[in-house]
Amino acid sequence: WRSSATCKPWRSGRFLPRVWERCQPPSRKGISTTAGQGQQVGMREKQVLEDLEMPLARRETETLFQEQPQTGNQYLEDALLRSYLKTHLPPKVLEEVNRDLERFGNRLLTKIKPLGWECELNPPVFRQYDAWGRRVDHIVTCSAWRRMKEIAAEEGLIAEAYERRYSNWSRLHQAVKLYLFSSSSGGFNCPLAMTDGAAKVIESLGIPGSLKNTFDHLTSRDPKKFWTSGQWMTERRGGSDVANGTETVARKQPDGTYRLYGFKWFTSAADSDVTLTLARVADAEGKVKQGSSGLSLFFLKVRDEEGKLNSIQVQRLKDKLGTRQMATAELWLDGAKAELISAEGRGVASISNMLNITRIHNVIGAVASMRRMISLSREYARRRVAFGKLLKDHPLHMQTIARMEVQTRGAFLLLMEIVRLLGLVETNMASEQAQLLLRLLIPVAKLYTGKQASAVVVEAMESFGGQGYMEDTGLPVIVRDTLVLSIWEGTTNILSLDVLRSLTKSQGQVMAAFFSAVQQKLELASSTAKLEPAVKQTRDAVSSLAQFTQAAGSKGAVTMELAARDFSYTLARIYAGALLIEHAARPDASSTDVSAARRWCNQELCPVATELENSSYEAEEALVDGALVYEGSPACGSGL
């Protein structure tokens, strides 16, 4: 392993000497597989087994008891991704995109992954005062983090979606590049999510003149011009309840600008150039309107032309479980100069476009982490010998990885469906059904893939045995960074309630669009005999879901709230199943495509109907929930 001169000790004092594929050790005979190289699997396995049979003194691997998994070009090794693009992209677009992604895959392997690991080893540091006692509030980031920003611009990781070189397929092209980039980005995928969201908000506002320069910077391919954006919403009272938790006040100035005063409790990518934030406009008497209708959306630059903070004080950096590569801070806004960019009182509605984009990025990160862990796990299974044979030759071990693979495939197709629909909406090519479907599927996909990713990466870590728990393998980093995905941009329960809101606001039209889209996909497979069981299972689930929606409609709000999570899971499972069936019904589909569809559909596709039959959503059950949770607690005796 060749270390970087910039690597520093981890905060806890431990030094992480190696992570797979980010800082690689020299290849060993018959083991390493990199871009442009190939090995016959049989010869490699034979070498591993022969080495183990030798006396310890003669073994080449006497100082290395377990072989390190190594993967090559992520794009070339992702069969599902390549088959999806081949199926959906127009030939000319496919040719160009394929060439770009193969090139990008090689860059990830040789250049970007080592930088990502440097970001892990060199987390941001907060320097509040200089040597002379002057307050500077300087967040120091490593050179690799700053290089990631340049690479993001060079690769057009934001620009691609807004240049629209490939019309409605541009958003999908961008999403695929972000998917490949995510697990190698050293956490830089997070500021890119908020930058994309900010660009989307500005575009949705018609790119007003005052924001044209900002939009150009956010979508630039020039590393010297490219800006990143933050998203400052969370305050001291908590996260998702912005209507009641936002205390920041905006005071209008004579020149038409505003000054913001308040405390931002959790600001990701605090080193960004600009940000969007919510605040309440004070009237002439200094009073503000409470609730969501009192919130307005503001744009501000983090620093002025001289590089000084815009009346912002950094209180401290957050000490997080994961995503430690990125600076997340607590900030005081003490008269920060800002521009009102929404209609007064329309802040929540205006920032919704940003939330949709960042939630899609959350799905990208979830699917990417699952794919990365499975890629490492399957490669390890070809090298690790236990009980006299390779792990890949143990049926139970392979069954475990296969089950993770099926989950990842369903999540991947759900992601592709969302960005396909978004591309249609952004180019004014979407039908009303497509628009309704996108509104429903964004929260559904975000909440479901976040939970999937947490389960899959932990299971994959276990597939390495004790090695999976070792910091210097890099696996714990992936696990920690994945666990935030069910929390960031709305927890599972919050998003489940958002799903219900989409039903209410559309007066049920989103469900009509859902049923129609699923039916269309199932019809494509009606003549494929091998898919008949999966089609039947999905149709039965759709029928049960329709019955649930009719029955629940007469039971009241409590029933729907209690059912919200199971209802959202049901939507995710049915729709992902339909997508897997559709993909497996292609003329050139592989046997594994068919197997994935059938295995996905063997699970409980409509848990909400089952739980309704079990009376899990009755008001009495809510009381029992409370009794179960608080039995023996001091709160129980106090009546709270």
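Let's start at Asn310. Asn310 sits in the loop between strand S8 (295-301) and S9. Helices and strands here are DSSP runs numbered from the N terminus: H or I with at least four residues for helices, E with at least two for strands. Asn310 has 12% relative accessibility, so it counts as buried. Buried means under 20% relative accessible area, exposed means over 50%, and partly exposed is in between, with a 1.4 Å probe and protein chains only. Which residues does Asn310 touch, not counting those up to four places away in sequence? Arg259, Leu300, Lys301, Val302, Arg303, Ala336 and Lys337. Contact means heavy atoms within 4.5 Å.

A word on the model. It is predicted, so local features need pLDDT of at least 70 and side-chain atom pairs count only at pLDDT 80 or more, while totals for chains, interfaces and linings use all residues. Residues are numbered from 1 along each chain as its sequence is written, and side-chain values use heavy atoms, with hydrogens and water left out.

Next, backbone. Thr323 is not a glycine, yet has a positive phi of about 45°. Thr323 is in the loop between strand S9 (312-317) and strand S10 (329-340). Ser615 is another non-glycine with a positive phi, about 60°. Ser615 lies in the loop between helix H19 (607-613) and helix H20 (619-630). Its relative accessible area is 34%, so Ser615 is partly exposed.

Now the core. A nonpolar core is a set of buried Ala, Val, Leu, Ile, Met, Phe, Trp, Tyr and Cys residues joined through side-chain atoms within 4.5 Å. The largest one has 160 residues. Which members touch the most others? Phe514 and Phe567. Leaving aside neighbours within four places in sequence, Phe514 contacts Leu437, Leu440, Leu545, Leu571, Ile574 and Tyr575. Apart from that core lies another, of 20 residues, including Ile139, Ala279, Ile312 and Ala336.

On to helix H12, residues 432-462. At 1.5 Å a residue, its 31 residues should span 45 Å. The expected span is 1.5 Å times one less than the number of residues. The end C-alpha atoms are 45 Å apart, which agrees. There is a kink of about 30° at Leu441 in H12, shortly before the proline Pro443. That bend is the angle between axes fitted to the seven residues ending there and the seven starting there. In H12, 22 of the 31 residues are buried, so the helix is largely enclosed by the rest of the structure.

Aromatics. The count is 13 pairs. Rings of Phe, Tyr and Trp (its six-membered ring) pair if their centres lie within 6.5 Å; planes under 30 degrees apart are stacked, over 60 edge-to-face, the rest tilted. Tyr179 and Phe412 have ring centres 5.5 Å apart and planes at 50°, so this pair is tilted. The pair links distant parts of the chain: Tyr179 is in helix H6 (residues 170-182), Phe412 in helix H11 (residues 395-426), 233 residues apart. Both Tyr179 and Phe412 are buried. Phe514 and Phe515 have centres 5.9 Å apart and planes at 75°, so they are edge-to-face. Phe514 is buried at 0%, whereas Phe515 is partly exposed at 21%. Ring pairs also link Tyr84, Tyr179 and Phe412 into a cluster.

Last, cysteines. How many disulfides are there? Zero, taking a disulfide as a pair of cysteine sulfur atoms within 2.5 Å. Cys601 is buried, with a relative accessible area of 2%. Cys606 is buried too, at 4%.
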